[in-house]
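Biologist: I would like to learn how to read a fold from its coordinates. Please take the sheet, the core and the salt bridges in turn.

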Amino acid sequence: MSHPLKERTELRKLIRLKRNALSPDEQNLASIQLKQQLCNLPYIQNARHIALYLANDGELDPMPFIRWCWQHNKQVYLPVIHPFNRHNLLFLSFDEKTSLQNNRFGILEPKLNVQQVCPIEMLDVLCTPLVAFDNNGNRLGMGGGFYDRTLAKWFTQQSSHTTNCTTPHNNSLFYPIGIAHNCQRVDSIPVEQWDIPLPEIITPSKRYLKS
């Protein structure tokens with residue numbers, strides 16, 4: 001195991017323990033505070049199509065915010081593991097009537113229905129879960145590379161534009177933000193060459209904007 005990989009593995013284990021140690025009351029309060037943070041953001045208020053996730057393994061639960069989206073006529077989408085390109089994600093429409101099933105990691109996702117798939121070009125905002133992050137926008141995920149591949153499409157298009165890649169809605173692709181508990185922030189993430197920093201990460205108490 002290379003040194004960066006070992007560091008990332010150990011950091012992943014440590015932060016997962018921290019977030020799973022949060023009590024149900026702490027988790028519930030964090031979810032409510034997250035909703036308050038998100039719903040006051042102008043680019044969220046202007047968005048129509050928002051990709052989110054269902055919490056797993058102690059992740060910050062966005063369900064109160066999802067309900068707020070439904071109440072304000074915003075379409076919510078959830079990630080689904082691509083049935084053929086197994087390290088890629090599709091994003092399917094999600095509402096109160098959506099039928100869910102466990103994927104191969106035991107995470108709930110909508111049952112695959114091609115009529116419910118949202119092309120990523122239609123997304124306004126992509127909210128990504130993560131394990132750890134730092135003040136430079138670096139994100140450490142679970143290691144499967146699913147979101148890395150989606151973010152790579154955003155980064156490639158951003159890189160072809162002269163506009164600031166930390167500005168929401170400056171082209172046809174989504175604006176990505178990370179969602180995390182306060183305890184998931186670390187001083188520095190061991191970065192690999194394929195990692196793509198996020199322009200913004202939001203916790204229950206703070207917004208971290210990439211400089």
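**Reading the sheet, the core and the salt bridges**

Modeller: Start with the sheet: it is open, with 7 strands in the order β3-β2-β1-β6-β9-β10-β11 and mixed pairing. The model is predicted, so local features need pLDDT of at least 70 and side-chain atom pairs count only at pLDDT 80 or more, while totals for chains, interfaces and linings use all residues. Residues are numbered from 1 along each chain as its sequence is written, and side-chain values use heavy atoms, with hydrogens and water left out.

Biologist: What makes two strands a pair, and which strands stand at the edges?

Modeller: Strands of a sheet pair through backbone hydrogen bonds, either parallel or antiparallel. Here a pair needs at least two DSSP bridges; strands (E, at least two residues) and helices (H or I, at least four) are DSSP runs numbered from the N terminus. The edges are β3 (89-94) and β11 (207-209): each has a single partner strand, so one side of each lacks a neighbour in the sheet. β11 pairs with β10 (residues 200-202) in the antiparallel sense over 3 bridges, and Glu200 stands opposite Leu209 in β11.

Biologist: How many residues does the largest nonpolar core have?

Modeller: In soluble globular proteins, nonpolar side chains tend to be buried together. A nonpolar core is a set of buried Ala, Val, Leu, Ile, Met, Phe, Trp, Tyr and Cys residues joined through side-chain atoms within 4.5 Å. Buried means under 20% relative accessible area, exposed over 50%, partly exposed in between (1.4 Å probe, protein chains only). The largest core has 50 residues, with Ile50, Phe91, Ile177 and Ile179 making the most contacts inside it. Helix α4 (residues 63-71) gives the most to this core, 6 residues. Apart from it lies another core of 7 residues, among them Ile15 and Val131.

Biologist: How many salt bridges are there, and which residues are linked in a network?

Modeller: A salt bridge is a side-chain nitrogen of Lys or Arg within 4 Å of a carboxyl oxygen of Asp or Glu. The search of the whole structure finds 5. Arg16, Arg19 and Asp57 form a network. The closest N and O atoms of Arg16 and Asp57 are 2.7 Å apart; for Arg19 and Asp57 the N to O value is 3.1 Å. Arg19 lies in helix α1 and Asp57 in the loop between β1 and α4, so this pair ties together parts 38 residues apart in sequence.

Biologist: Are these residues buried or exposed?

Modeller: Arg19 is buried at 0% relative accessible area, whereas Arg16 is partly exposed at 31% and Asp57 is partly exposed at 24%.
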